[in-house]
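Colleague: Could you take a close look at one part of this model for me, and walk me outward from there? I'd like the cut-offs spelled out as you go.

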Amino acid sequence: MLRTSSYTIYVDLPGNQDEMLLVHTYTGAFDRVSRRVATYVRSLEAGRPPKPLYGDWTPEAAVDGRVSPPTDETIGVLSRRGYLTSMTGEEEEEFFSRYVDKLHGLYLKRWPSYLFMPTYDCNLRCPYCFQDHMRTDSRFDHLLKQMPLAMVDRIFAAMPKIEALHGIPAEASPQMDIGFFGGEPLLAANRPIVEHVIRRGRDRGEAKFWAISNGTELDAYEDLLSPDQLGSVQITLDGPPREHDRRRVHADGSGSWDRIAANVSMALDRGVMVAIRTNVDRNNVGDLAELAEELIRHGWVRYPNFGSQVAPIRASNEKTDAGETLDTWELDRLLTKMRNDNSNLEILGRVDDSLRNQARRIFSHRGLPAFKPSFCSAHTGMYIFDAFGDVYACWEKTGDEKIRIGHVDESSEVQFSFDLRALWQGRTVASNPVCLKCRYNLFCGGGCAVLAAGHSGGDFYRNYCDGYAHRFRAAVAEAYQDHSSGKAFQDKPDAFCDL
Amino acid sequence: MKKRKKDKAPISEIVSLNEALFSLEAGNLQIEGFDRRLELAVAAAGDFACDTFTCSSYNGCGAFSCGTFKIKP
């Protein structure tokens, strides 16, 4: 007896009354079906998923239309592609848990990624910064030190031991992904540290380097900026010059636009991937059109190595009024509407453009989607080292030895807090009962652990949905319609990081 | 002369838009080589970063999210 898989997604195609898309989460199937077939599939759902104890699922639409079975051949395809199954709900959930454990286990065996935090110090005082307290509260002054070069050496000596924990044999040729984060990692004063990390990384093996930077002192790194050294940089511009200079301010209150703009041009000319990130709330969303004009005026959009993305500001400190923030879905809808009125805004990437682009590539190349058993590399093997040799799993949670997952000691051994490490690396979509039942789970990954903890009073083994069901259906529908209409697809790099 | 209404193209019941990770036989989990296919899928994403940075992970391939790879039969 067949029932509809609990992991079937229905995507309406706006303006198309005859067809829709079916997507299957764990087989990765994408199919276009007649509405009659979709109605048939929906009719075989065992029942609505139980209301979660917490979280904000988006309810699925009810069965619409007369139900009539499709051909046996179609039923066969639906079965082979995963949409129909003879497993009970409980059996399927149990299978899915094993599938996630296996998939996650494979990811854990990949090369870890490393972040160096040369310092927690920063030359800007952005009001919404989650690290604001480190620079404005004197109780945290002790954090504002620079990483000694000897610490860099200790960390590199520790890397093989970390890689061994991921099952990577000692004789394997190193393939390193090394990022710089802070504070502000690319302060001019940090140059010896950054240079030393790049040198040690290249000595060790194949390495790629990237940075999250405010871009104000990037000129101090000009000769290191190249595709084979510091090859990718994300830089923040929070609006057109007058708005940016209200938000991205130095300690003396002065703005930073002009200097950053000059550095962006310099980096692009040197062939570096530059991704502009714009942090948006209700107060500056109206300035995005003017920002787009500035990016065009500077000529940056003509570079193939240029990208841009907006992101919602999260209320992560007491100075940020949550009422002024937007969630991801709200921002996506606002920006989409604004784009319809002003095509210049198409150069500002939406948060879910990576999802749209992925869908476009699936349709163009008949490829597979991402299977995200967890939300980000904090759960699969990201190691963030600060100036003190403390090791963290997530760049949103640093600067406190009580939450570190390890420490690199003087003999380059990593003294792990294995419980905390296991906590971070054990968070998957199967590790909480809400995500386990969600049909979007392998696309979403369970949402950000830090944001989940913020919403639940500290428990990050919770879902953080952020309107994902709406976002997924809207993004895939848009991608499919663009694909069907032959709209040109600029396969450019997507922007950085999920947060 | 009456204009003939343009015939609408027939709607297919189902059109597959990509290759799935694996195929289920008779709607049940009789998958051969499931483990191997998963390993291939993960490996096909590239070890730590692709050359084209087409995915949302400038910082390396946290998930094979580029949508361009397939598992060869």
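Modeller: Let's start with chain B: among its contacts between residues at least 6 apart in sequence, 23% join residues at least 24 apart (a contact means C-beta atoms, placed from the backbone, within 7 Å). Bear in mind that this is a predicted model, where local features need pLDDT of at least 70 and side-chain atom pairs count only at pLDDT 80 or more, while totals for chains, interfaces and linings use all residues. Residues are numbered from 1 along each chain as its sequence is written, with chains lettered from A and ligands numbered from 1 in the order in which they are written.

Chain B has 73 residues, 38% of them buried (20 or more other C-beta atoms within 10 Å of the residue's own; exposed is 12 or fewer, partly exposed in between, with C-beta atoms placed from the backbone). Its secondary structure comes to one helix and one strand (DSSP runs numbered from the N terminus: H or I of at least four residues for helices, E of at least two for strands).

Strand β1 of chain B (residues 14–16) runs antiparallel to β4(A), joined by three bridges; two strands count as paired if DSSP finds at least two bridges between them. I14(B) stands opposite V33(A) here. V33(A) is also the bridge partner of M20(A), and M20(A) brings in strand β3 of chain A (residues 19–24), antiparallel to β4(A) with five bridges. The β3(A)–β4(A) hairpin has five residues between its strands, and among them G28(A) takes a positive phi near 75°. As for burial, four of the five residues of β4(A) (residues 30–34) are buried, so the strand is largely enclosed by the rest of the structure.

Zooming out, chain A has 16 helices and 15 strands, and 50% of its 499 residues count as buried. Of its contacts with a separation of 6 or more, 71% are between residues 24 or more positions apart.

Finally, β10 (273–280) and β11 (306–312) of chain A are among the elements covering the buried residues of helix α10(A), along with α9 (288–297) and α16 (468–484). The buried residues in α10(A) are W329(A), L331(A), D332(A) and L335(A). They fall within an arc of 160° seen down the axis, so they line one face of the helix (the arc is that of the directions from the helix axis to the C-beta atoms). On the other side, K337(A), N340(A) and D341(A) are exposed.

Terms used. Contact = placed C-beta atoms within 7 Å.
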